[in-house]
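Please keep the sequence and the structure in view while reading.

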Amino acid sequence: MKLTFRWYGPNDPVTLEKIRQIPTMTGIVSAVYDVAPGGIWSQESIQAIKDAATQNGLEFEVVESVPVPEEIKLGTDKAPALIEAYCENVRRLGKAGVKCICYNFMPVFDWLRSELSHPLPDGSNALAYDDATVLSMNPLTSDLSLPGWDESYTKDGLKDLLQKYSGITEEDLWHNLATFLRAVIPVAEEAGVKMAIHPDDPPWGLFGLPRIITNESNLERFLHLVDSQNNGLTLCTGSLGANPANDLPALIRKFAGRIHFVHLRNIQYMGERCFTETAHPTSCGSLDMFEIVRALVETGFEGYVRPDHGRMIWGETGRYGYGLYDRALGATYIAGLWEAIEKMEEMQHD
Ligand code: DNO
């Protein structure tokens, strides 16, 4: 596996100089952030990320995300031109040496939390989700901070958009996803890029919006939409794991070969559809990180891994979930687990 770290570009307080000092780090996961969804990324701005990474001894082989415009998810008459623009980005990224693109197909909202700064007993804070709180909010009037929405929509725009989705069923979304993949995957194959869809976070529908990348049978259905190596998954443990019915080691074993990118993080179940994010180690939350990594090692996973959301610790402030310290601790924990499990495997085969 290759250990990577998300970097939000030159304005990210977590600089490349800091990222390169995290032991065993091989590369960054980044994106062109100043082009709206649907726009084409200039070859220069892609190259600029790569150059900045290279100057710091890091690779740039993973993009997260090339966002999918709502018009594509809605399947409007603007979709074909936007899909073509998406394909052009895939070509350009492939040309620059990018090997994996993470994206999602969640209507309107990306990941969603009820609290961005939930205090944990040790004095740190973390992202948290409580379904009852989320459902009691009206996304049009509340000041609840819903990442993805906050960044991309004015409230008027949001109202419009929710309106457009009012007739869209899960089956419609499947249909529009299939249309997207049938166009994009052949381009990705040619460009040498593995597409890796991110599961819906949390993995259930919200505010009447359909969500489909949620569980084993839907992941299977997704992979069959276009049966190609280049049509794969981002296995995000915190997203899929929010539903305790999702057996993560089993999913890893089942979809081995089609998982290209892994987001590792832990969560603590607090009740039905209610969880807080925690530090990465197994004993800090509800997910068995040892069994997760073991399944990856045993299935010969060779893709990219990154520590996912960290807590805010040691007084750090910054982008929620994406500070330096706790993600760096997570990275070294992951590297340690990996080394131990890999060596145990080798010893067994000797
Ligand atoms: C949150 C991230 C997501 C992810 C997108 C992928 O921290 O895991 O925002 O980047 O859903 O498109």
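## Terms and basis

A residue is called buried under 20% relative accessible area, exposed over 50%, and partly exposed in between, with a 1.4 Å probe and protein chains only. Helices (H or I, at least four residues) and strands (E, at least two) are DSSP runs, numbered from the N terminus.

This is a predicted model, in which local features need pLDDT of at least 70 and side-chain atom pairs count only at pLDDT 80 or more, whereas totals for chains, interfaces and linings use all residues. Residues are numbered from 1 along each chain as its sequence is written, and side-chain values use heavy atoms, with hydrogens and water left out.

## The barrel

Eight strands close into a barrel with parallel pairing, in the order β1-β2-β3-β4-β7-β8-β9-β12. From one strand to the next, the twist averages 30°; axes are lines fitted to C-alpha atoms, for helices over the stretch in contact, and angles run from 0 to 180 degrees between N-to-C directions. Two strands count as paired if DSSP finds at least two bridges between them. Strands of a sheet pair through backbone hydrogen bonds, either parallel or antiparallel.

Strands β2 (residues 27-30) and β3 (residues 59-64) are joined in the parallel sense by four bridges, and S30 stands opposite V63 of β3. Helix α8 (residues 170-191) packs on the sheet, where it touches β4, β7 and β8 (231-236); contact means heavy atoms within 4.5 Å. The direction of α8 makes about 150° with that of β7.

## Strand β8 and its neighbours

Because six of its six residues are buried, β8 is largely enclosed by the rest of the structure. Three parallel bridges link β7 and β8, and A196 has G232 of β8 as its bridge partner. On joining β9 (residues 259-264), β8 forms four bridges, again in parallel; here C236 is partnered with H263 of β9.

## Helix α9

Which residues of helix α9 (residues 216-225) are buried? They are N218, L219, F222, L223 and L225. These residues lie on the same side of α9, because they cover an arc of only 150° around the axis, the arc being that of the directions from the helix axis to the C-beta atoms. Among the elements covering them are β4, α8, β7 and β8.

## Cysteines

The structure holds zero disulfides, a disulfide being a pair of cysteine sulfur atoms within 2.5 Å. The sulfur of C236 is 8.5 Å from the closest cysteine sulfur, that of C102, and is therefore too far for a bond. C236 is buried, with a relative accessible area of 1%.
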